[in-house]
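User: I would like a close look at one part of this model. Keep it brisk, and tell me how it sits in the whole.
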2 protein chains.
Amino acid sequence: MALIVQKFGGTSVGSIERIEAVADIIIKTQQQGHQVVAVVSAMSGETNRLISLAHEIDSRPSSRELDVLVTTGEQVTASLLAMAIIRRGHPAISLLADQIGIQTDNMFGKARIESICTDRLNQEMEHNRIVIVAGFQGRDREGNITTLGRGGTDTTAVELAGALKAAECQIFTDVDGVYTTDPRIEPNARRLEQITFDEMLEMASLGAKVLHLRSVEAAGHYRLPLRVLSSFCHSKGTLITYEEPDMNKAPVSGVAASKDEVLITLKQLPNQPQILASLLTVLAEAGIAVDMLTQLNHQLDKIDYAFTVHSNDHHQVIELLTHKQESLGFVELVCDKEVAKVSVIGIGLKSHVEVIAQFYTAMSHENIRADLVTTSEMKISALLPQKYLELAVRALHSTFLLESIE
Amino acid sequence: MALIVQKFGGTSVGSIERIEAVADIIIKTQQQGHQVVAVVSAMSGETNRLISLAHEIDSRPSSRELDVLVTTGEQVTASLLAMAIIRRGHPAISLLADQIGIQTDNMFGKARIESICTDRLNQEMEHNRIVIVAGFQGRDREGNITTLGRGGTDTTAVELAGALKAAECQIFTDVDGVYTTDPRIEPNARRLEQITFDEMLEMASLGAKVLHLRSVEAAGHYRLPLRVLSSFCHSKGTLITYEEPDMNKAPVSGVAASKDEVLITLKQLPNQPQILASLLTVLAEAGIAVDMLTQLNHQLDKIDYAFTVHSNDHHQVIELLTHKQESLGFVELVCDKEVAKVSVIGIGLKSHVEVIAQFYTAMSHENIRADLVTTSEMKISALLPQKYLELAVRALHSTFLLESIE
């Protein structure tokens, strides 16, 4: 008997009918001889409904109170799912963050899990109960409710699976696995049976929406087998493994696209190391991730300094940096929201120099100007005008013959 | 500076506009020099919406899970109200049952508070924060979420006020005080400036919907001044006091009406004390209150045994007693839902024998047959066919000249 943690996202539990279907999936897993802990999101639309209520009161509501508000969404789903399982004659119990000791820091809205106490979970499982956990939520040291930010329910599932030493963590979503690229952009995209952890990490960090980066990182920490599959159809999904890559396979395994990028340029920043250090410290202290850092237009002791941030963070970045304009000494802050990032991912890309050449050829063949290009061991990324994103994805997918690999 | 606990029910917080209005009431109270702890219900309609979701899954959902589900309603209101106060520039914080240690027994759906730990509350008040507490909820010893049943948010407010030794507990509702009777039935009903605790206790137990019985009892335990007032208009409401009654005032202070009664009759029950004891023990163990116990139709060693229960309990009563029919030995259980109870309340009624005579005269004058009449120190009650209830209320209100007393 293996312990399996199953996570069900918003669309998987988007209606009473869907919750009933999820109850059947969980019971079927149990009947195959497994113990199941399920982690659930709010019913789709519910979190937005709650945030709208808050915004009727305050356009920037208290972050502590916003967390108290939105965590009710997962609590509702967890109790309804437990009821559905109990009605089918199987013992079940819903538990919240404080009941299973999910302790986080106190960064409301994007807290990080510090520890999980599995006593209550183990106790309920010893009583053969299916445990339904409200995802996305935690408690800080003072007992205040926190939320884990984007992809938070995935994070809860992975961290619980790690703490419980689960055999597998299954992320049920509305797509049936990880694809070579977004099938809505490229109809020839193909589901991968397996993907290595390192490749998945890059896919997630580059905007493949199937799994959130933080949950993939956490899975890697525990070397936890992670499976992405659909609650809407029967399919084995995609298994994320920790095997050594096969060096004979095609170097590129996927193309990732992200529109959640905003390009920030600080014009005529003094070119002094302590200024750059001070700039990046301000952003780091606010918990803001920056990417594609580039220096442009060197003129004597001034540079134009550009980087991308997640679009959710850009208001905060503008506010923080405008506030520091005098001490940082830049002349103007320019914000470009009409950008997107396209990337190809594969194990050992850097040793395949021809891939970089093919990347540039594919882009230029479509007359797409890639402003910023960065390369690493695992990926090649380019920032481009957002309107060219779909075209770039299709061109790269075709260039690297992703329809036919494996 | 006095500490005031204010409770706001469902209609008082029924919309974002109403929540904004309540924020203003609380801030105004604070600006008058008081410390405020506010206790809130779910927005009106929200609890029913949640229960409907549960009933889509199971007509008799798990009582533990139902409590997890419905407590989200108060959590939503508490966070929204805290946001509204914070936006007005006043520090505020919402707290849930586990955060202020509201410990209850484990009778899901109708739990009783065993203890409150005021440490966190006092700590927040020392920081000059207005504390908003989610009403109606508790935690049992194992940390499971419980709810306090009917009138639960009133109970939370009164118990908190007692534990904090508050100067006054103010129950804001959609009526501006306690009336001589229901103004929807008798337009001449008059608001009472004051009412004694004992009278209020009878009013509540007899179906005057302003305050729930359990919260009045709890207030009496602490000898807590309790004020009923409206969040929709400015009025001093009605103050419930612990003063000795003025024996020169009119003996009757109010007429109460209740349609939440169901008459249960057990036909041909063996007339043996141990049978009656066994019957009442079954009901007591299920936490069901019985009223107006009467024995009818004595025939040799058989009786017809009748009593009333709250309409919410009658399905359970029928199920419990039908299950015990063989051991109890009755021949038939008859259930009459078309009944109602009317009562007159006043201090020292029993010493005013003319009141009982007037009661019967008023009823017979309207040709109303009162099947069961019970009297006590404080009240005279009659069970009658439901269709006569309004007529009976008006007749009694007029008989005892309640328009003009005080």
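Which residue follows α12(A), and what is its phi?

Analyst: A:Leu401 follows α12(A), and its phi is positive, near 50°. This is a predicted model, so local features need pLDDT of at least 70 and side-chain atom pairs pLDDT 80 or more, while totals for chains, interfaces and linings use all residues. Residues are numbered from 1 along each chain as written, chains are lettered from A and ligands numbered from 1 in written order, and side-chain values use heavy atoms, without hydrogens and water.

Now the helix itself. α12 of chain A spans residues 389–399. Helices here are DSSP runs of H or I, at least four residues; strands are runs of E, at least two; both are numbered from the N terminus. A:Leu389, A:Ala392, A:Val393, A:Ala395, A:Leu396 and A:His397 are buried, meaning under 20% relative accessible area (1.4 Å probe, protein chains only). An α-helix has 3.6 residues a turn, so residues three or four places apart point the same way.

What do they touch? The buried residues of α12(A) pack against β13 (254–258), β18 (339–345), α11 (353–365) and β20 (379–385) of chain A. Contact means heavy atoms within 4.5 Å.

Next, the wider chain. An automatic or database assignment sets the domain bounds. Chain A has domain 1 (3–241), domain 2 (254–258 + 339–399) and domain 3 (262–336). The C-alpha centres of domains 1 and 3 of chain A lie 35 Å apart.

Key
Buried means under 20% relative accessible area, exposed over 50%, partly exposed in between (1.4 Å probe, protein chains only).
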